[in-house]
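Here are my notes on the model you sent. Please read them alongside the coordinates.

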Amino acid sequence: MKELGWRAAFLSPGDDLRYVAGFTPTPDERPAYLVVTAERAGFLLPALNRAQAETETDLPIVSYGDDEAPAGALRRLCAELGVDASGVFGVGDTTRADFLLLLQSVLPEAQWQPASLAVAPLRMVKDAEEIARLERVARVTDRVVEAGLGALSPGRTEREVAHAIRDAFLREGAEEILFLGVASGPNTAFPHHHTSDRRLEAGDAVWLDIGCRIDGYASDITRMAIVGPGPDGYAEIHAIVARAVEAAFQAARPGAPLAEVDRAARRVIEEAGYGEAFVHRTGHGLGLSGHELPSVHGKNETPIEPGMVFTIEPGVYLPGRFGVRIEDVAVVGPDGARRLSRLSRDAFRVPASPGGSEAARAGRRL
Ligand code: CO
Ligand code: CO
């Protein structure tokens, strides 16, 4: 903040606040901020959340009732912290627009910058405790992927599979489900397909892209399956994407630019002739948020550092036919990246006829 010349930063409930304060108040339409200056910090909170916050923090809290305008309380807090209207301030990137409008009305002379300028560089590099939590949630999510793959069967809908995955997440203690994507057949060609009522059938490709939060930290993984033989040409595309994932992992070394990870994956797919079918970046940071910085794309020249954690998830999408994405989480250490998931990246094979599936499934482990 000093380097950026900020007078103060305002963080509303969310992952930035959780990162700096160790907890986050309940988010709703009632304005709430942690205000941080060079010397001091304090909370503005709705009165009903005050007692709960006092169990989590020793910082001063200014609160307001549901029948009070929060602007008065915000002015009192700013006065207490020595914050006046002039200068440059940070405001959380995911702050609600009405919360920002309130800040602008109380501090009309202020200039505003996204708080990620200060917070993201801190959040991007994880310490050992954060990595341990990411490992724990990844381990749980591996088991949920196995449950999801086991729930695949011709005749079942994507939504029915999604419900089985949701149940597995809850059984395994997920605090929050962040991603629950099930795509089958031609739907797999849409990178962000919304789980539908389409029924699985022989010849389908299927992807599961799922993640949850445990102990505050997020998981994110994508695995492929095929029903019966899968679609024509499936094995070739799967092998290309799997090679792209491996190339990206090899490129994820301290000192190299993040762009090199993207280029390594893209090179494999381009050389195979499918460059135009890889329509997104290679990955994104993972931590408290399911998507956070750094963004792993071809123009991000930020050097990779030990402690960075990001996904590697190249894909090839062939509209009208099928798509393949394989996603793993890379944790960068001093000598390179390791992955969190222990699951095979091979396509899981689902028997084409539902009748034979139980016996076949029983003998098959990833
Ligand atoms: Co994902
Ligand atoms: Co992802």
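1. Asp167 is partly exposed, at 35% relative accessible area. Here buried means under 20% relative accessible area, exposed over 50%, and partly exposed in between (1.4 Å probe, protein chains only). Arg166 is also partly exposed, at 34%. Arg166 and Asp167 form a salt bridge, with the closest N and O atoms 3.3 Å apart. A salt bridge is a side-chain nitrogen of Lys or Arg within 4 Å of a carboxyl oxygen of Asp or Glu. Elsewhere, Arg223, Glu246, Asp328, Arg339 and Arg345 are joined into one network by salt bridges that share partners.

2. A word on the basis. This is a predicted model, in which local features need pLDDT of at least 70 and side-chain atom pairs count only at pLDDT 80 or more, while totals for chains, interfaces and linings use all residues. Side-chain values use heavy atoms, without hydrogens and water.

3. The structure holds 28 salt bridges. One of them pairs Arg123 with Asp16 at 2.6 Å, N to O. Arg123 sits in helix α5 (residues 116-124) and Asp16 in helix α1 (residues 15-21), so this pair ties together parts 107 residues apart in sequence. Helices (H or I, at least four residues) and strands (E, at least two) are DSSP runs, numbered from the N terminus. Arg123 is buried at 9%, and Asp16 is buried at 16%.

4. Glu292 and Lys126 form another salt bridge, their closest N and O atoms 2.6 Å apart. Glu292 is in strand β12 (residues 292-296) and Lys126 in the loop between α5 and α6 (128-150), 166 residues apart. Glu292 is buried at 11%. Lys126 is buried at 6%.

5. What coordinates the cobalt ion (ligand 2)? The donors are Asp220 (OD), His284 (NE2), Glu313 (OE) and Glu327 (OE), at 2.0 to 2.2 Å. Donors are N, O and S atoms within 2.8 Å of the metal (3.2 Å for Na, K and Ca); water is not among the atoms, so sites may look incomplete. The four donor atoms subtend angles of 78 to 152°, which makes the arrangement irregular. Four donors count as tetrahedral if all angles lie between 85 and 135 degrees; four count as square planar and six as octahedral if opposite donors are over 155 degrees apart and all others between 65 and 115; anything else is irregular.

6. The cobalt ion (ligand 2) lies 3.1 Å from the cobalt ion (ligand 1), and Asp220 coordinates both. Asp220 is buried at 5% relative accessibility. Glu327 is buried at 0%.

Notes
Residues are numbered from 1 along each chain as its sequence is written. Chains are lettered from A and ligands numbered from 1 in the order in which they are written.
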